[in-house]
Amino acid sequence: MGTLVQPVFEPRRAVRVVVGAALVVGSLAALVGLVGASTAGASQTTPAAPSSQITQLTPSQVSPSQDCGKAGCVTLVTVTGLIDPLVADSIIDRLDEALGREDFVGVVLQIDSPGVVLSDAEFTNLARRLDRFSKKLAVWVGPSGSEANGGAAELVTLSPSASQAPGSTLRFDRTQRLDPDEFGNLLPSDPALLDTPIGAEEAQKAGLVDSTAPVLVDALGRLDWFDTKVETVDGKQQRVPVTKVRFVKLDLPSQLLHTAASPAVAYLAFVIGLGLLLFEFFTAGVGVAGVVGAVALLLGGYGLGVLPVRNWAVALLVASTVAFAVDVQTGIPRFWAGVGMVGFTIGSLTLFDGVPFPWIAVAVGIVGMASVMFSGMPSMVRARFGTPTIGRTWMVGELGDVTEAVDPEGTVRVQGALWKARANRSTPLAVGDRARVVEVDGLLLEVEPEAGGAKDYREMRKR
C-alpha cells in the first residue's frame with residue numbers, strides 16, 4: 001500500500017487544462033475567423049457605392065405585395081465562392097420569384113466564383129433554368145479582383161448579356177462541362193485562351209463578354225432594359241438608376257453551410273473535430289472540447305460531402321487519428337504517432353480533387369496536428385494518468401525492462417506502464433536490460449542496473 005500524501009501544487013497538473021483550453025480556443029478562433037471571412041464574402045452584395053450612383057433595396061423593401069413602379073425591379077443575386085447546391089437553389093428561387101412578379105424586369109448575377117461543385121445533373125438543371133429564363137438575364141463578373149473559373153465561366157458565356165470588371169478574370173477548362181449539343185460552344189475559339197486567366201479587355205475582344213464595367217452601376221446602366229437617368233449632384237452629372245435594384249443573399253443558416261462547403265473551412269473543421277474528439281476521449285466526462293469537436297466534425301463532414309474529395313484520403317485522415325490515439329495513450333510519441341503523421345500529411349495533400357485548396361490551410365492543419373499529437377496530447381495524458389493521489393515510494397526497488405536505451409535518459413516499463421527514466425552516465429542501460437528503480441522524481445524514474453544495487457530497497461518499503 002502506498003502512503004497517502006497531502007495534496008500539493010503540481011505544475012504538471014495544469015497541463016491538461018492548458019492543452020484543453022488551447023485546443024478549444026484555437027479551434028474556435030480558426031473556425032470563427034474562416035467563417036467570418038467566408039460569410040462576409042458570401043453575403044457581400046457589391047462594393048460600396050455612393051447613394052447618388054445606385055439605390056440599394058433589401059428584400060423587405062420590395063415585398064410580394066409592393067409595387068416596383070413603372071420602371072420595375074431587378075433582382076441582383078450575388079454568387080460568391082464555389083457554386084454549390086445551396087447557391088444553385090438560391091439562383092433558381094430568384095428566377096422563379098421574378099417569373100411570379102409582373103413588375104420584376106429581370107435578374108442580374110454578380111459572380112466571383114472559383115468554380116462549380118455541382119453534379120452533372122444539378123449543373124445542367126441550373127444552366128437550363130438560366131438559358132430558358134423568359135425574362136431578362138445578365139451577368140457581371142466583378143468587382144475588380146473577382147474571378148469566374150471552370151463552370152462559372154461557362155455560365156458567363158451562356159448569359160445573353162455579360163460584362164466584366166477590369167482586374168477580374170475568366171478561366172475556362174479545356175473541356176466544356178455543359179453539353180455542347182444543348183447549350184452550344186461556350187469555350188473560347190482560341191485554344192490559347194483555355195486554362196489561363198482572361199482579363200476584361202481580352203474577354204471582350206474574344207467575344208466572351210459584351211462589355212467592360214468597372215462598377216455595378218456601369219454594368220446595369222449598359223443594359224437596354226434597365227432604366228437610368230442623369231441627375232446633377234454637387235454640380236456634377238451622374239447617371240442613377242430608375243429601375244429599382246433588389247439585393248438578395250443567402251439566409252444565415254444557408255450562409256453557414258455554404259461557408260462549410262469551402263475547401264479550407266471544410267478541411268480545418270473536419271481536422272479540428274477529429275482532434276477535439278480524440279482529446280475528449282482521454283478526459284473524464286463530456287466537456288466543451290467534445291461539444292465543439294462534434295459540431296466542427298459535422299460541419300466539416302457536410303463540407304466534404306458537397307465538395308469533390310478522394311474518399312480514400314478522407315479514410316486516411318480518420319485512420320491517422322486512430323494511429324495517433326495508440327501512442328497518445330502511452331504518453332510517449334513513437335512508431336504509431338509517426339505512421340499517423342505520415343498518413344495525415346498524405347491525406348491532407350491529396351484530399352480535394354479539382355478544386356483550389358489554399359496552401360496555408362494545409363500548413364495550419366499539418367503543423368497544428370503535429371504540435372498537438374507530439375507535444376500537447378502526450379503531456380496532457382502523462383499529467384492526468386501519471387500523477388496519482390497516493391505516494392509513489394512503492395516503486396523504489398521495483399524492477400523494470402528497458403524499452404529505450406537509458407544513456408543517460410530513456411524509457412523503462414515498470415508494472416506494465418512506460419516511464420521516462422534516467423541513469424548514471426557511468427552505468428548506461430541497453431534495450432532489454434533489467435533496471436531497478438532507485439528514486440522517483442516527479443514523472444521521472446532514477447534507475448540503475450539490476451546487478452550492483454548498494455541497498456536493500458525492500459527495507460525502504462517497510463518504513
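Predicted model: local features only at pLDDT ≥ 70, side-chain atom pairs only at ≥ 80, totals over all residues.
Residues are numbered from 1 along the chain as its sequence is written. Local features need pLDDT of at least 70, side-chain atom pairs count only at pLDDT 80 or more, totals use all residues, and side-chain values rest on heavy atoms, with hydrogens and water left out.

The chain holds 14 helices and 16 strands, taken as DSSP runs (H or I, at least four residues; E, at least two) numbered from the N terminus. Of its 463 residues, 48% are buried, where buried means under 20% relative accessible area, exposed over 50%, and partly exposed in between (1.4 Å probe, protein chains only).

Salt bridges (a side-chain nitrogen of Lys or Arg within 4 Å of a carboxyl oxygen of Asp or Glu) come to 14. One of them pairs glutamate 97 with arginine 246 at 2.7 Å, N to O. That pair brings helix H2 together with strand E11, across 149 residues. Glutamate 97 is partly exposed at 24%, while arginine 246 is buried at 6%.

Arginine 177 and aspartate 120 also meet, at 3.1 Å. Arginine 177 sits in the loop between strand E7 and helix H5 and aspartate 120 in helix H3, so this bridge ties together parts 57 residues apart in sequence. Here arginine 177 is partly exposed (34%) and aspartate 120 exposed (53%).
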